[in-house]
Amino acid sequence: MPATTIDQGAAGRSRRLFVARFFYEGNSFGPLLADRDAFERHEWTHGEEAVRAAAGTILELAALPLFRKRHPGWALVVSRCAAAIPSGPIADEVFDVFLAEVLDDLDAALRAGPVDAIYLSLHGAAMTESRAHPDLDLVEAIRARCPDLPLAATFDMHANLHPRLASLLTIATGYRTHPHVDMRDVAERVLERLVACVEGGLTTAGYIENTGLLLPSINMRTSDGPMRRLQEAAAQAEAQEGVLAASIFGGFPYADAAHSGASALVFSAAAQDPDGVLARAVAGRLARQLHAARGDFFVSLPSPAEGIGRALASGTPGLIGVTDAADNPYSGGAADTPGLLAALLDAAPDVPCVFASFADARVVAEARRAGLEAPFDVSLGASHGTAFGAPVAVRVVARRFTDGRYRGTAGLLDGADVQLGDTVLLAITDKPNIRIIVTSRVDPCIDLAFYQLHGIDLAGERLLLVKGKNHFRAAAGRLCAEIIDVDAPGPACLDFTRLPYRHRSPQPG
Ligand SMILES: [Zn+2]
């Protein structure tokens with residue numbers, strides 16, 4: 001499908017902005033490839049459909065309807081917009097199809113008339129089976145076709161920025177917040193800069209200093225802590241005379257690539273900074289601040305056994321959450337690592353416990369064959385390999401089957417229709433107070449409605465063992481009187497030295 005000029009024929013729209021989006025964070029150690037289905041389930045839109053889908057949200061593309069209102073002289077040409085929940089690397093075919101389609105659309109747009117500027121909504125930490133930096137590949141391919149056109153990009157705070165991007169892009173910026181609530185705002189800012197390039201003759205100089213630091217995100221919120229201080233420093237730098245954009249990126253450490261790492265990106269106005277000296281100096285200063293803050297990002301977490309022991313010894317009344325971020329689906333986990341469950345079974349507590357969750361369609365099918373309340377033997381976890389521990393053998397009964405459909409009620413999933421595939425609630429036969437949810441598809445178990453679907457009232461539970469992190473805290477985690485984070489083996493574990501990096505040698509925190 002060729003990208004059509006959405007506002008074609010609209011009176012007075014004589015300038016054209018070409019837009020595409022590729023938003024994906026790839027975990028090299030995640031066992032599941034992100035295939036076409038993963039993107040189609042999440043975001044695989046084109047043209048007006050892409051603008052409509054984002055309208056009213058806080059996503060980058062929600063800046064487009066606002067741009068259209070603010071700049072009646074501009075028409076939008078929106079090509080493919082693609083995003084998926086973080087997982088392992090992307091299947092090569094998905095990105096190849098995306099890239100070919102965007103370039104075809106761009107060629108068609110250029111044939112149809114002048115294109116004045118290009119905006120790319122990127123994450124910046126994508127990887128495919130064979131491409132280490134597809135984000136850079138996209139920018140390079142577009143730059144090769146349009147050597148002189150103003151070309152802008154926005155990046156997630158967890159982008160791993162390849163330094164070459166600075167000379168290819170005219171202007172770029174990143175989020176100031178984590179959790180990311182300013183995605184639309186940064187897109188608005190960068191679009192205004194693009195307009196200034198086209199209509200005001202603004203030219204720029206850019207510089208990226210990538211520190212190569214691999215930083216965990218567990219202590220990277222911007223409400224307080226080291227990333228708040230760094231983002232304040234970036235905002236101050238951006239207010240400096242001659243600086244157009246100054247951003248700090250925490251990077252995504254689970255992308256095993258030479259260019260992964262926290263970075264600083266600065267664009268200056270070429271009129272005041274013709275040789276880019278200012279951009280380099282400011283980026284260098286921000287990078288030094290990143291180096292100085294490194295130690296503050298590393299926190300020490302208990303093992304699963306220690307964390308569960310602490311939870312059981314706690315005098316706090318109510319629900320206690322024990323979170324295993326190493327297998328968090330939002331960080332590339334596949335809801336498959338066995339460490340937390342193994343520790344729970346070893347502890348054999350007598351209080352009501354819910355474990356959420358494993359994603360394994362085979363287990364759900366076995367439970368179906370056994371039927372409700374009929375004991376059967378099953379192995380849980382490590383279905384994609386034993387890199388993070390051996391599967392746990394248990395005798396269980398199925399307590400409840402569901403079709404895995406629910407509507408999210410809070411946080412990131414608010415209003416979203418979630419489809420987990422068939423699911424089952426299992427109970428350990430000789431420890432029926434321990435119940436385990438198994439789904440067919442990988443999806444975060446952060447929402448209250450997820451638990452209600454399985455007949456679980458969290459108010460009546462004592463321990464909730466969950467594969468999650470920040471988004472869990474913002475949703476079902478709010479019911480917890482106390483939350484204990486643990487570090488278990490998994491593709492997003494805090495101790496990077498446990499992971500089989502091939503392109504990096506991470507230092508212990
Ligand atoms: Zn992010």
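User: Where does P179 lie?

Analyst: The model is predicted, with residues numbered from 1 along each chain as its sequence is written. Local features need pLDDT of at least 70, side-chain atom pairs count only at pLDDT 80 or more, totals for chains, interfaces and linings use all residues, and side-chain values use heavy atoms, with hydrogens and water left out. Helices (H or I, at least four residues) and strands (E, at least two) are DSSP runs numbered from the N terminus. On that basis, P179 lies in the loop between β6 and α7.

User: Is the peptide bond from H178 to P179 cis or trans?

Analyst: Omega decides it. For the bond from H178 to P179, omega is near 0°. That bond is cis.

User: What are the protein donors of the zinc ion?

Analyst: Donors are N, O and S atoms within 2.8 Å of the metal (3.2 Å for Na, K and Ca); water is not among the atoms, so sites may look incomplete. The protein donors lie 2.1 to 2.2 Å from the zinc ion. Their spacing along the chain is D-x1-H-x21-H. They are D156 (OD), H158 (ND1) and H180 (NE2).

User: How many residues apart in sequence are the parts that H158 and H180 tie together?

Analyst: Both histidines are buried (under 20% relative accessible area; exposed is over 50%, partly exposed in between; 1.4 Å probe, protein chains only). H158 sits in the loop between β5 and α6 (165-168), and H180 in the loop between β6 and α7. The pair therefore ties together parts whose separation in sequence is 22 residues.

User: Which strands stand at the edges of the six-stranded sheet?

Analyst: Strands pair if DSSP finds at least two bridges between them. The sheet is open and mixed, in the order β2-β3-β1-β4-β5-β6. Two strands have a single partner each, so one side of each lacks a neighbour in the sheet. They are β2 (43-46) and β6 (171-174).

User: Which residue in β6 stands opposite A152?

Analyst: Strand β5 (residues 151-155) pairs with β6 in the parallel sense, over four bridges. The residue of β6 opposite A152 is I171.

User: What angle does the direction of α7 make with that of β6?

Analyst: Helix α7 (residues 183-200) packs on the sheet, with contacts (heavy atoms within 4.5 Å) to β1, β3 (74-83), β4, β5 and β6. Axes are lines fitted to C-alpha atoms, for helices over the stretch in contact, and angles run from 0 to 180 degrees between N-to-C directions. The angle between α7 and β6 is about 170°.

User: Within what arc do the buried residues of α8 fall?

Analyst: Helix α8 (residues 226-238) has buried residues including M227, L230 and A234. The arc is taken over the directions from the helix axis to the C-beta atoms. Those buried residues line one face of the helix, because they fall within an arc of 155°.

User: What do the buried residues of α8 pack against?

Analyst: The partners include both helices and a strand. They are α7, β8 (243-249) and α9 (277-297).

User: What is the phi of E373?

Analyst: E373 lies in the loop between α12 (361-370) and β12 (376-380). At 45% relative accessibility, E373 counts as partly exposed. Although E373 is not a glycine, its phi is positive, at about 65°.
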